[in-house]
Amino acid sequence: MTQTPGSAAPTVHPPSRQLRRVIGASLVGTTIEWYDFFVYASAAGLVFGKQFFPGLDGTAALLASFATIGVSFIARPIGGVVSGHLGDRFGRKPVLVATLLLMGLSTVGVGLLPSYASIGVAAPILLVCLRMLQGLSAGGEWGGAAMMSVEHARPGRRGYYGAYPQIGVPIGLLLANLVFFAVSATTTPEQFQAWGWRIPFLLSIVLIVVGFWVRARVAESPVFEDLRDRRERRSAPLAEVLRRNRRELLVAIGLFVANNMIGYILIAFITSYGTRQLGLSSTTMLVVGMIGAVAWGVFTLLAGHWSDTWGRRRTYLVGIVALGVWCFPFFLLFDTRSVGLLVVAVVVLAFGLGLTYGQQAATYAEMFPAPVRYSGVSFAYAFGAILGGGFAPLLATWLIAVSGTSLSVSAYMFLMCLVTLAAVLALREGTPAEREAFVTAS
């Protein structure tokens, strides 16, 4: 597996069985991680206001609930720094197992957490603490899963294989909405508010067991093993990234801003917007969200494949233009209250989301040399999330409260698209031969 800058891609590749196992482990792991993350986001829009902030009025309670979503994004860079350092020093695999366990246990903790009525102000404080732990986990999870998939991938297929951990996000969203839909459909509104909302959180314990078993069976990244054999690991990988790869870091952060912000509009905001502002049922909004998640997953996988043939930059460009063009029609269709038009709105939005997400793992991996790759990728992903989706539901709710129109949220989405467009235009994509070299040394 030894490679040097400018060398040809290695001729020895993991066997198909091992590659399938790695892809499966990355997909299952990220699905579980993001199921946990999105269960929280759904509950924040539907029940947390009454459970943990009962002293506030409706809008203020919703704002407080969405603020707890944003808290996790503050913890993400810390998780990214710690996980990136450990992943570059000791391997991708053990970090991935640790982040999965941390996320799962934090999620179960939310499901067991007493409400404000039971323990008073300690309830929202503990909720924030558990959300911070989720953020620490999420900050390191994606980078490791992405690197495992891409670093095991065959030449010319890194975009495609790297898209599998990406579709764990929409699958996690679909699973979270599906569980919430099933629980809400089988309980009365009073039962759902009293105890039904806890079931999706407690189910995470089953997913933890499955995910741990799957991830414990995969082999370490061959790229990391090669670095270890050649003793090329760095003692301070993040410091080296900040010193030598600042441009790549800024571009990588910008590439993620619009996707993450608009993704969280789909994930966390439209459910509360549809129920509170438009008067639609939570069941209807959960179904619309599930349709959007399926479409997002399909387009994400296609984007990974297309990026191997069209190129990463061109795929990004098509995706970000599609998102920018759709920002205003999206809410105009939503405000009709027509379920059919709501579905059209989320499916077209999912096209742009997929084409700015599917190739991200491969793009990020190709931007940073292997000895510091986990650190660079995790740091860029975490900060892109803070600037993008961290407080998007909170800001969207505030914008509508202040302006009285959903078009203010559309303008916010469009502004984020301009940021990512600038990053796409600044992205330096190597030639196919340079990409296939997949340089492992700095």
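The model is predicted. The structure holds three salt bridges. Those that share partners join R158, D308, R312 and E366 into one network. A search of the whole structure also finds three cavities of 30 Å³ or more.

**Salt bridges**

- Side chains of opposite charge can pair when their charged atoms come close.
- R158 pairs with E366 in a salt bridge, and their closest N and O atoms are 3.2 Å apart.
- R158 belongs to helix α7 and E366 to helix α17 (residues 360-367), so this pair ties together parts that are 208 residues apart in sequence.
- R158 has 5% relative accessibility, so it counts as buried.
- E366 counts as partly exposed, because its relative accessibility is 25%.
- E366 also meets the side chain of R312 in a salt bridge, at 2.8 Å from N to O.
- This second pair links distant parts of the chain: R312 sits in helix α15 (residues 312-334) and E366 in helix α17, 54 residues apart.
- R312 counts as buried, because its relative accessibility is 4%.
- R312 forms a salt bridge with D308 as well, and here the closest N and O atoms are 2.8 Å apart.

**Second largest cavity**

- Rolling a probe the size of a water molecule over the atoms shows where empty space is left.
- The second largest cavity holds about 90 Å³ of space.
- Its lining has 13 residues, and the closest to its centre are V169, N260, Y264, I267 and W296.
- Helix α13 gives the most, with six residues.
- By class, the lining of this cavity has nine nonpolar residues, three polar and one charged.

**Second largest pocket**

- The second largest pocket has a volume of about 520 Å³.
- It is lined by 26 residues, of which G45, L46, V47, K50 and Q193 are the closest to its centre.
- Several helices give two or more residues to the pocket lining, including α2 (48-52), α3 (58-90), α7 (158-185), α8 (189-194) and α14 (282-309).
- Helices α1 and α13 are also among the elements that give two or more residues to this pocket lining.
- The pocket lining divides into 13 nonpolar, 10 polar and three charged residues.

**Helix α18**

- Helix α18 runs over residues 373-387 and has 15 residues.
- From its first C-alpha to its last, α18 reaches 21 Å, close to the 21 Å expected at 1.5 Å a residue.
- Helix α18 is mostly covered, with 12 of its 15 residues buried.
- Among the buried residues of α18 are R373, Y374, F379, Y381 and A385.
- G376 and G384 of α18 are buried too.

**Residue S408**

- S408 is found in helix α20, which spans residues 407-426.
- The relative accessible area of S408 is 16%, so S408 is buried.
- Leaving aside neighbours within four places in sequence, S408 is in contact with L399, I400 and S403.

Terms used. Residues numbered from 1 in each chain as written. Predicted model: local features only at pLDDT ≥ 70, side-chain atom pairs only at ≥ 80, totals over all residues. Heavy atoms only, no water. 1 Å grid on protein atoms, 1.4 Å probe; cavity = no way out; pocket = protein on both sides within 12 Å on 5 of 7 lines; lining within 4 Å. Points joined across faces, edges and corners; volume = space filled by probe spheres on them. Helix = DSSP H or I, 4+ residues; strand = E, 2+ residues; numbered from the N terminus. Nonpolar A, V, L, I, M, F, W, Y, C, P; charged D, E, K, R; others polar. Buried < 20%, exposed > 50% of the residue type's maximum accessible area, 1.4 Å probe, protein only. Contact = heavy atoms within 4.5 Å. Expected span 1.5 Å × (residues − 1). Salt bridge = Lys/Arg side-chain N within 4 Å of Asp/Glu carboxyl O.
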